Amino acid sequence: MTFSQQDKHYMKTALDLSRRGLGNVWPNPAVGCVIVNTEGQVISRGWTQPSGRPHAEALALEKAGKAAQGATAYVTLEPCSHYGKTPPCAKSLIEACVSRVVIATSDPDPRVSGAGVKMLLDAGIQVEEGLFKEEADEINAGFFNRITKKRPYITLKVATTLDGYIASAIGHSKWITGPSARMRGHLLRSQNDAILVGAGTAIADDPSLNTRFVGAGDADQPVRIVLDSKLGLKGKRPKLLEIANAESPVWLINSVEVEEQLSDFVSIVPTHAMKDGRIDVVSAVETIADQGITRLLIEGGGQVAASFLKAGLVDQIYWFRAPSIIGGDGLPAIASLKIEDLVDMPRFSVTSTEKCGEDQLTILKIF
């Protein structure tokens with residue numbers, strides 16, 4: 001299918017809009033919508049709002065009003081066709097009398113998949129699909145993973161010296177990377193629904209695990225998740241428990257038969273599965289997905305990182321490297337994987353690199 005330069009321009013705009021929802025629209029997908037009249041003028045724009053409502057199309061159509069008649073709607077994901085907490089977006093597009101809908105990618109949700117397009121076609125609306133599909137798929141990899149794999153899209157973030165260490169032999173780790181890298185890390189946090197660490201990291205480092213870049217608001221704050229098989233944090237009361245709130249709650253994933261609220265914003269969530277004396281991370285991410293999380297950021301420590309890598313759960317890595325060296329007695333970013341044959345190593349491909357002050361960020365994706 002051949003798309004015009006105008007089509008490409010407005011779909012690119014819709015994709016940019018959709019990215020604004022990353023990290024704050026779960027369990028819904030992050031969608032962008034641009035409505036353009038027959039003269040090629042933008043009538044309105046919309047993107048999925050925090051907590052997933054209103055949807056991008058509904059917001060754009062509300063702004064457009066009667067001007068949407070005869071217009072083209074550029075949407076990054078197939079419009080929904082089922083009744084949930086809001087009416088179907090496909091139905092709203094039909095009632096607005098748009099003449100054409102350009103869709104970047106289809107929705108794998110069995111309640112929608114193909115049905116949204118069929119609803120539009122049955123109403124006599126011209127539908128064209130596949131414009132910048134790969135880009136749209138990447139933006140909603142988390143939503144797609146939750147539907148098709150029953151787990152979130154998982155990013156491992158590490159910040160190390162050149163030789164791969166995250167702390168000195170006695171545990172000093174602040175700060176290995178500089179302020180530019182740390183701010184880039186905060187932006188990454190805001191683009192994920194939740195951040196996960198192990199209980200050891202939560203106790204030893206006492207992190208806040210929130211986003212602190214300039215302009216960060218309540219909608220940019222992720223859920224904080226701790227793998228805490230023995231509920232050690234319950235008695236320690238680290239900082240992240242004390243600052244938990246409605247926008248940034250804390251979930252303690254444990255392996256015992258208990259499910260309760262420690263406070264209004266701190267929940268104990270059982271997963272009941274153990275492996276090698278630790279919480280089974282495969283079971284843990286299924287539990288996390290059941291709670292609605294679509295994009296999960298792993299921040300440590302080394303044993304947690306190794307557990308996710310060994311289980312084949314890491315989709316991409318954000319690796320920040322400082323131009324410094326600790327030496328062999330440092331604390332490694334990745335604990336032992338017990339690899340004997342090189343063919344068994346997890347392998348990733350470099351997708352991009354960025355300069356962050358004196359440090360370098362390498363972004364890698366699993367083969």
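A: Burial terms, then. Buried means under 20% relative accessible area, exposed means over 50%, and partly exposed is in between (1.4 Å probe, protein chains only).

Q: And is Ile339 buried, exposed or partly exposed?
A: Ile339 has 35% relative accessibility, so it counts as partly exposed. Ile339 sits in the loop between β17 (331-332) and β18 (348-356). Helices (H or I, at least four residues) and strands (E, at least two) are DSSP runs, numbered from the N terminus.

Q: What kind of model is this?
A: A predicted one, where local features need pLDDT of at least 70, side-chain atom pairs count only at pLDDT 80 or more, and totals for chains, interfaces and linings use all residues. Residues are numbered from 1 along each chain as its sequence is written, and side-chain values use heavy atoms, with hydrogens and water left out.

Q: Back to Ile339. Which residues form a patch with it?
A: Leu342 and Met345. With Ile339 they form a nonpolar surface patch, with about 260 Å² of accessible area together. Areas come from the Shrake-Rupley method with a 1.4 Å probe, and for residues only the protein chains shown count as cover. Patch residues have over 30% relative accessible area and no salt bridge; like charges are joined within 9 Å, and nonpolar side chains (Val, Leu, Ile, Met, Phe, Trp, Tyr) within 5 Å.

Q: How many salt bridges does the structure hold?
A: It holds 14. A salt bridge here is a side-chain nitrogen of Lys or Arg within 4 Å of a carboxyl oxygen of Asp or Glu.

Q: What does Arg19 bridge to?
A: Arg19 bridges to Asp16, with the closest N and O atoms 2.9 Å apart. Arg19 also bridges to Glu135, with the closest N and O atoms 2.6 Å apart. Arg19 lies in helix α1 and Glu135 in helix α5 (residues 133-139), so this pair ties together parts that are 116 residues apart in sequence.

Q: Where does Asp16 lie relative to Arg19?
A: Both lie in α1 (residues 5-19), three residues apart, about one turn of the helix. Asp16 is partly exposed at 48% relative accessible area. Arg19 is partly exposed too, at 33%.

Q: What about Lys118?
A: Lys118 forms a salt bridge with Asp122, the closest N and O atoms being 2.8 Å apart. The two are four residues apart in helix α4 (residues 115-122), about one helical turn.

Q: New topic: strands. How do β1 and β2 pair?
A: β1 (residues 32-36) and β2 (residues 42-47) pair in the antiparallel sense over five bridges. Strands count as paired if DSSP finds at least two bridges between them. Ile35 stands opposite Ser44 in β2. The hairpin has five residues between the strands, and Gly40 there takes a positive phi near 80°.

Q: And β12, why call it largely enclosed?
A: Five of the five residues of β12 (residues 266-270) are buried, so the rest of the structure largely encloses it. Val266, Ile268 and Pro270 are on one side, Ser267 and Val269 on the other. β10 (residues 250-254) runs parallel to β12, joined by five bridges. Trp251 stands opposite Ser267.

Q: Why is α12 called largely enclosed?
A: Seven of the nine residues of α12 (residues 302-310) are buried, so the rest of the structure largely encloses it. Among them are Val304, Phe308 and Leu309. Gly312, which follows α12, has a positive phi near 70°.

Q: How many cavities of 30 Å³ or more turn up?
A: One, from a search of the whole structure. The largest cavity holds about 70 Å³ of space. It is lined by 14 residues, with Leu22, Asn28, Asn140, Thr294 and Arg295 nearest its centre.

Q: How are cavities and pockets defined?
A: On a 1 Å grid over the protein atoms alone, a cavity is a set of points where a 1.4 Å probe fits but cannot get out. A pocket is an open set with protein on both sides within 12 Å along at least five of seven lines, and lining residues have an atom within 4 Å of a point. Grid points are joined across faces, edges and corners, and a volume is the space filled by probe spheres set on the points.

Q: What is the volume of the second largest pocket?
A: About 540 Å³. Its lining has 26 residues, and Asn28, Pro29, His55, His82 and Arg111 lie nearest its centre. The largest share of that lining, three residues, comes from α6.
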